[in-house]
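Hi,

Here is the structure I said I would pass on.

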Amino acid sequence: MAKRVAIVKKDKINAGDDWQRLAINACPVNRSGTECITMGEDGKIQIDEATCIGCGICVKKCPNDEIIIVNLPEALEQEPIHCYGKNAFRLFSLPTPVFGKVVGILGVNGIGKSTAIKILAGVLKPNLGNLEGEASYDDLIEHFKGTEAQKFFEKVRSGDIIVSYKPQQVDQIPNTTKGKVRDLLKKVDERKKFDEVVEELQIGKILDNDIREISGGELQRVAIAATVLKKANFYVFDEPTSYLDIKQRIRVSKFIRSLADENTAVMVVEHDLIILDYMADLINILYGKQSAYGIVSQPKSTKVGINIFLEGYLKEENVRFRDYQIRFMKAAPIKESKRNELTSWSSLSKKLGKFSLEAEQGTIEKHSVFGVLGENGIGKTTFAKILAGVEKPDSGEIGPEVKVSYKAQYLEANDELVANVLKDAVKNFNTQIVKPLGLTSLMTLKLSELSGGELQRVAIASCLSKEADLYLLDEPSAYLDVEQRLLISKIIKDFMEKSGKSALIIDHDLLFIDYISSSLLVFDGEPAVKGIVKGPYSMEEGMNVFLKDLGITFRRDPESNRPRANKPDSQMDRQQKSKNVFYYS
Ligand code: SF4
């Protein structure tokens, strides 16, 4: 087996690009007379991994990271489970489903999580590294001889395991599916649990809507409903909480947990660590090198698995997969002595059709990041528009009016070039924003060619590079993996600290909000009917108000200091509730 992986990102290369010749001519193996990096028939380079010595000289000739050369761990002896092609991503192992348990998959983007669960779900037929064709179940059983995966594929072959799978990109469902939600769900209701599932997932009000007319959060819940209505004993969910607000996330997590019993296995890929912690019994970490290769760790308990992931080091495998540790603060930050005021408001009210919004008196200070918590449809964006002067309140005063730069929740991917969108960002904040967000290599691409995570990072950089007093970012964590979420937290915090500006961050990932915010605004009320803005509060006070309303308590993990949701009715949960301490004990 080759000891290194050479990736050529062919979709980023135009046939005949000049720099390819430079790479071919510079390769020391080529120069010594052995073929290593050569021009393929498609006018794009290819690399022979068997002769490549991993010197990395060709990588330096790439304008936009088109080549990745990486050494595989010494201990890795097996052939890949699946390889997408010559010089393309490969996955070396698989997580194992466990009956009666929810197994969580944790890893950065581009490391093979979706590939792994698509293979287990039977959506992708693996090739065991043989590019000539798919492997049969007999081949897979032979390949996994003596492991749990052998038993799994034996059961799949004999028809004893039936899989139901929810794909990651629910926003693409309307492109391939037509009709009313009710009809679509009735069609797949093999378990005759239509009413129960509709009630659990709170989708009763949209049953008569066309699938193309519902929101992202509704699509997500309809996709989950369709998955669980099918008769199966292995349910697989790829990112089931994207687009959902925190109340919906908790509800969906409880529902997914309830599916696992002695005859049913559940597997979940999830980037919201608090939700993953709440939902999963076991965790498999995927590590390796993004876009190059992925390896699945042994299963760990959820607590240990998440802490290992944050530490970046797998002790049993003796693998360091990140060169830094992710740390959380020990206690909620104490609000510093009052900083200069950016803007403030008296008691406000605003009516928009049937929806009304009220705000208690409040102040936004400079140099600060305000987390904004609340359900979907409760007036968060309307409030920001009032601060920006775009909407006038019916009663109450705001002053001084501030200039707002806004990143929307849903991102539009048109044909504009990234370089054009980020012109100001490159000119003024190249070191502070563009480089740390890894955007340099995307400049020659169109927005429509970016992945969800790339588009999100471009939108964040574009928002921060605009001249404004207040930056409003609506769901900046969507499509980003855990590492990227924590990286953008740091960039946004540093930016506000240095520039004297402030940010309002609307997000539903509580760990992300905990990491990024110095104060909190909490939106209460009833979605689409009434919103009440409370705060700003200190972190501790605000989280306490918010979690009390949800009926959930949080503690700090003693090792990583990350916030963890207590299991409902556990000793800790009861103790904290009796003391009225819902956050940080
Ligand atoms: Fe040639 Fe070195 Fe590139 Fe391998 S890493 S293809 S040996 S230049």
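This is a predicted model: local features need pLDDT of at least 70, side-chain atom pairs count only at pLDDT 80 or more; totals for chains, interfaces and linings use all residues.

**The ligand**

Where does the ligand sit? It is in the second largest cavity.

Let's begin with α18, residues 482-499, which packs with α16, residues 423-434, at an angle of about 130°. The axes of α16 and α18 are 11 Å apart. Because of that angle, α16 counts as oblique to α18. On the α16 side the contact uses Phe-429, Gln-432 and Ile-433, and these meet Ile-491, Phe-495 and Lys-498 of α18. Sorted by class, the α16 contact with α18 comes to four nonpolar residues, one polar and one charged.

α18 also packs with α17 (residues 452-464), this time at about 5°, with the axes 12 Å apart. So α17 and α18 are roughly parallel to each other. Which residues of α17 meet α18? They are Arg-457, Ile-460 and Leu-464, and their partners in α18 are Gln-484, Ile-488, Ile-491, Ile-492, Phe-495 and Met-496. The contact of α17 with α18 has seven nonpolar residues, plus one polar and one charged.

Another pair is α10 (residues 216-229) and α11 (residues 246-259), whose axes come within 12 Å and cross at roughly 10°. That crossing angle is why α10 is roughly parallel to α11. Here Arg-221, Ile-224 and Val-228 of α10 make the contact with Gln-248, Val-252, Phe-255 and Leu-259 of α11. By class, the α10 contact with α11 has five nonpolar, one polar and one charged residues.

Most residues other than glycine have a negative phi, and most peptide bonds are trans. These spots depart from that pattern.

- Gly-399 to Pro-400: this peptide bond is cis, with omega near -10°. Pro-400 lies in the loop between β21 (398-399) and β22 (404-407).
- Gly-535 to Pro-536: this peptide bond is cis as well, with omega near 5°. Pro-536 is in strand β26, residues 530-538.
- Lys-192: its phi is positive, about 55°, although Lys-192 is not a glycine. You'll find Lys-192 in the loop between α8 (181-187) and α9 (194-200).

Cheers

Note on methods:
Residues are numbered from 1 along each chain as its sequence is written. Side-chain values use heavy atoms; hydrogens and water are left out. On a 1 Å grid over the protein atoms alone, a cavity is a set of points where a 1.4 Å probe fits but cannot get out, and a pocket is an open set with protein on both sides within 12 Å along at least five of seven lines; lining residues have an atom within 4 Å of a point. A molecule sits in a cavity or pocket if more than half of its atoms lie within 2 Å of its grid points. Axes are lines fitted to C-alpha atoms, for helices over the stretch in contact, and angles run from 0 to 180 degrees between N-to-C directions. Helices (H or I, at least four residues) and strands (E, at least two) are DSSP runs, numbered from the N terminus. Angles under 35 degrees count as roughly parallel, over 145 as roughly antiparallel, 65 to 115 as roughly perpendicular and the rest as oblique. Contact means heavy atoms within 4.5 Å. Ala, Val, Leu, Ile, Met, Phe, Trp, Tyr, Cys and Pro count as nonpolar, Asp, Glu, Lys and Arg as charged, and the others, Gly among them, as polar.
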